[in-house]
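Please keep the structure open while reading.

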Amino acid sequence: MIDFGFTPFAAGVTDLDKANLSLAKQITEHEPSFNLCISCGSCSATCTAGQFTKFSFRVMCHQIRKGNTTLAIEEASKCMLCGKCTLICPRNVNTRNIIRLVRKAQTTTP
Ligand code: SF4
Ligand code: SF4
């Protein structure tokens, strides 16, 4: 490997081989549009809940993909289900259904 003179910050590294990706898999099965997200951030920019809290749909999706299930479930509880993100999303991601599935996981995740 080429030595670029720096290494990744350890705390920012996620080993996806060891991560618990069950929630991501579950969401993809029930809502395939989860995989269409390009992380553009339009949803977060228009988010009603984001005006009152630090909630970001985009960041929540990253947490799910990194296997941070507990964090994602906590974040999903902040969504007000207003639907603005669904209207603005350039990829037609069914955002509210993803929120619903994450909240549902709250009752099934140990
Ligand atoms: S607006 Fe859509 S594509 Fe963009 S980050 Fe949000 S969910 Fe992903
Ligand atoms: S539905 Fe939830 S995530 Fe989407 S804009 Fe409204 S509060 Fe934000």
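## The packing of H3 and H4

Met60, Gln63 and Ile64 in H3 meet Leu71, Ala72, Glu75 and Ala76 in H4, where two residues are in contact if their C-beta atoms, placed from the backbone, lie within 7 Å. The residues of this contact of H3 with H4 divide into 5 nonpolar, 1 polar and 1 charged; Ala, Val, Leu, Ile, Met, Phe, Trp, Tyr, Cys and Pro count as nonpolar, Asp, Glu, Lys and Arg as charged, and the others, Gly among them, as polar. This is a predicted model, in which local features need pLDDT of at least 70 and side-chain atom pairs count only at pLDDT 80 or more, while totals for chains, interfaces and linings use all residues. Residues are numbered from 1 along each chain as its sequence is written, and chains are lettered from A and ligands numbered from 1 in the order in which they are written.

Two packed helices are described by the angle between their axes and the distance between the axes. Helix H3 (residues 57-66) and helix H4 (residues 69-76) pack at an angle of about 155°, and their axes are 8 Å apart; axes are lines fitted to C-alpha atoms, for helices over the stretch in contact, and angles run from 0 to 180 degrees between N-to-C directions. H3 is therefore roughly antiparallel to H4, a label given to angles over 145 degrees, with those under 35 counted as roughly parallel, 65 to 115 as roughly perpendicular and the rest as oblique.

The buried residues of H3 are Phe57, Met60, Cys61, Gln63, Ile64 and Arg65; a residue is buried if 20 or more other C-beta atoms lie within 10 Å of its own, exposed if 12 or fewer, and partly exposed in between, with C-beta atoms placed from the backbone. After H3 comes Gly67, with a positive phi near 85°.

## The chain as a whole

The chain has 6 helices and 0 strands, helices (H or I, at least four residues) and strands (E, at least two) being DSSP runs numbered from the N terminus. Of the 110 residues in the chain, 26% are buried, and the C-alpha atoms fill a box of roughly 50 × 30 × 25 Å along the principal axes. Among contacts with a separation of 6 or more, 65% join residues 24 or more positions apart.

## The two ligand shells

Around ligand 1 there are 15 residues, of which Cys37, Cys40, Ser42, Cys43 and Cys89 come nearest; a residue is near a molecule or strand if its C-beta atom, placed from the backbone, lies within 6 Å of it. H2 and H3 are the elements that give two or more residues to this shell, whose residues divide into 9 nonpolar, 4 polar and 2 charged.

Ligand 2 has 15 residues around it, and those that come nearest are Cys47, Ala49, Cys79, Cys82 and Cys85. Helix H2 (42-46), helix H5 (84-88) and helix H6 (95-108) each supply at least two residues of the shell, which divides into 9 nonpolar, 4 polar and 2 charged.

Ile27, in helix H1 (residues 22-30), is buried because 24 other C-beta atoms lie within 10 Å. Leaving aside neighbours within four places in sequence, Ile27 is in contact with Phe34, Ile64, Ile98 and Leu101.

Thr70 lies in helix H4 and is partly exposed, with 13 other C-beta atoms within 10 Å. Thr70 and Leu21 are 49 residues apart in sequence, and their C-alpha atoms are 12 Å apart in space.
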